[in-house]
Amino acid sequence: MFQREDWGKGSEGVMETAASDTAGSGRDVAVKGEAAIKPEFLTTKEKFHGFVDSEWQGSKGEQASDNGTVEETKEACVEEPEAKKLKLDPEERTKGWKQDGKRLRGQNKSRPHTKPTTYDEKRLCLSVIQANRECPFGDKCHFYHDVAEYMSSKPADIGESCYLYDTFGKCAYGLSCRFAKAHTTPDFKTMENTDLVKACEGKNPVKNSLSKDLQNCLRKRSVSFKKSAEALPLIHTLSVSGRKYRQLFLHVFFVQSSPDKPPPVKTVGPLTDADVIKLRQCEKKQVDFRDKLYLAPLTTCGNLPFRRVCKRFGADITCGEMAMCTNLLQGQQSEWALLKRHESEDLFGVQVEGCFPDTMTRCAELINNNTDVDFVDINSGCPIDLVYKKGGGCGLMTRTRKFEQIVKGMNYVLDVPLTVKIRTGVQEKSNIAHKLIPEMKNWGVSMITLHGRSREQRYTKLADWDYITTCSKLASPVPLFGNGDILSYEDAMKARETGVSGIMIARGALIKPWIFTEIKESRHWDISSSERLDILRDFTNFGLEHWGSDTRGVEKTRTFMLEWLSFMCRYIPVGLLERVPQKINERPPYYMGRNYLESLMASQNVGDWVRISEMLLGPVPKNFNFLPKHKANAYK
């Protein structure tokens, strides 16, 4: 592990290098699409990477890796694609295209998919970890049973203290923990802090885990969906013309809600009104969404440890990553993990994606009966091809009949509010959100979130906040949240002036999670590099708690940290900016920080992100490789 103070040394040398670089770079004129940084900090790509590599090798390289060479750290990463060029003029557009006519954009779909299990060649048997119980597989077991043999082949410990042991009084990973020295005796026995164990007894900070019983029932398709069975015939009567449908729906709804004929229900404990009276729309759980800061559901990066970091900085509403409804209905453990909720998330929802009313309605009933959430969100804004081509995500915006059936079916089975996230439309110059919003008000949604871009547009232009203003007036009295391009409290203030009920923050939170504090305190925070490293250290601890402190958990935590760093490296410290604040569409030029750590965190090279991870999680395994899911140079 590293001492923070060492990274602040040598800042004078950094400044001298930066000054000499600027003198020869000739970058006095502002470049289109680049952030304006004070001239004394500007440098060139070659000199920047030369400085970062030499300083790492000279001062910290030997501690950061067992072998200690810069080349080996670079070999841990897959070579990045070329940086995408700015789209300046229509004539120059085709210059950045591939030979088949497709533009270089989006995700690194050909990136390597390395499973965390490959980093742990042979693990200790669970029977040994769990108080030396007898292994049910006997001689056929493929894992270690000899503790001494396992310890001789186990990778070196990362640090002297274990976060799980210090927090909960015991570490569930025992000898396989990569911090095992903190809670292991010389004769390989696992220690416990009895006082802490008693204090934490009965407490479960994480909710919404998938039980084995429920998983087995889902796999055998033996789960009962009574409410869905009632709702589906009703929503399919949408083919009946307006008045007949409304009469039929209201008749069946109030007949089934009649207290004269209560449905047979099994109750545990005392009988309550909710057990015998079906909740009407006006009786559902009410959530006050207005004037709150909403952390967007972010695929891959919006995991539980990251949401905990954002909650510390003041996020009001959090939402799980997008989950596929079909995978949830099949009982897939990996998909159910996206629904997990930490106790610190006081206003939490889950986001589901699907394209058929029957599966979405059953999924909503499943979530309603087996999880603790405050709202459920329908993702009708996902732009990726895999989802869109099946009719989900943005595809729902053009399939209004199916969309209506999905909303009404889910509303029928849910006891919590139903929200919807949409884009301006599918095509770039053909907005349709203003036509959908009045209809969605009649469907019964409790909140609408509008991302000010179309599917086709992606992130190539700024979000259209004028259009969001128009839509917010159409949505009233249903709250509408605006989303797009918020990276500072000034951006948030301008967004609030449009009349939206609240704002959702996505990339801005990935680049600087302290944006929630900035907005609530109305200030620009010139956060130091050591403070940013402390944020990453908190994420590391939360990740080890969530994914585990063994080798598999450590490498999974590292992978998600590297995905986050592919966004976080875009942050430019306030003290270095010539014009405050930084805009989200302005990419940072090469610059030297005020100390070495600040320069390292500004690097857009994958190898330097790996170095940062090594400061917190130890050296990477020999067979480690990584390429970010989202292109780190996708600034357009």
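**Fold, core and cysteines of a predicted chain**

For "zinc finger region: C3H1-type", an unreviewed UniProt entry lists residues 119-148 and 161-186; UniProt positions follow the numbering used here, feature names are shortened, and annotations may be inferred rather than shown by experiment. The model is predicted, so local features need pLDDT of at least 70 and side-chain atom pairs count only at pLDDT 80 or more, while totals for chains, interfaces and linings use all residues. Residues are numbered from 1 along each chain as its sequence is written, and side-chain values use heavy atoms, with hydrogens and water left out. In residues 161-186, the end C-alpha atoms lie 16 Å apart, and the span is 23% helix and 0% strand.

Of its 636 residues, 53% count as buried, where buried means under 20% relative accessible area, exposed over 50% and partly exposed in between (1.4 Å probe, protein chains only). Among contacts (heavy atoms within 4.5 Å) between residues at least 6 apart in sequence, 72% join residues at least 24 apart.

A look inside brings us to the largest nonpolar core, which has 139 residues, with Val 376, Ile 378, Met 410 and Met 440 making the most contacts inside it. Such a core is a set of buried Ala, Val, Leu, Ile, Met, Phe, Trp, Tyr and Cys residues joined through side-chain atoms within 4.5 Å. Leaving aside residues up to four places away in sequence, Val 376 touches partners including Val 350, Ile 367, Met 410 and Leu 414. Met 410 is also among the residues touched by Thr 361, along with Ser 228, Ala 231 and Gly 409, under that sequence limit of four places. Thr 361 lies in helix 16 (residues 357-370) and counts as buried because its relative accessibility is 0%.

Helix 24 (residues 529-547) reaches 26 Å from its first C-alpha to its last, close to the 27 Å expected for its 19 residues; the expected span is 1.5 Å times one less than the number of residues. Of these 19 residues, 14 are buried. Gly 548 follows helix 24, with a positive phi near 115°.

Finally, the cysteines: a search of the whole structure finds zero disulfides, a disulfide being a pair of cysteine sulfur atoms within 2.5 Å. For Cys 394, the nearest cysteine sulfur, that of Cys 382, is 7.4 Å away. Cys 394 counts as buried, at 0% relative accessibility, and Cys 319 is buried with a relative accessible area of 1%.

Note on methods
Helices (H or I, at least four residues) and strands (E, at least two) are DSSP runs, numbered from the N terminus.
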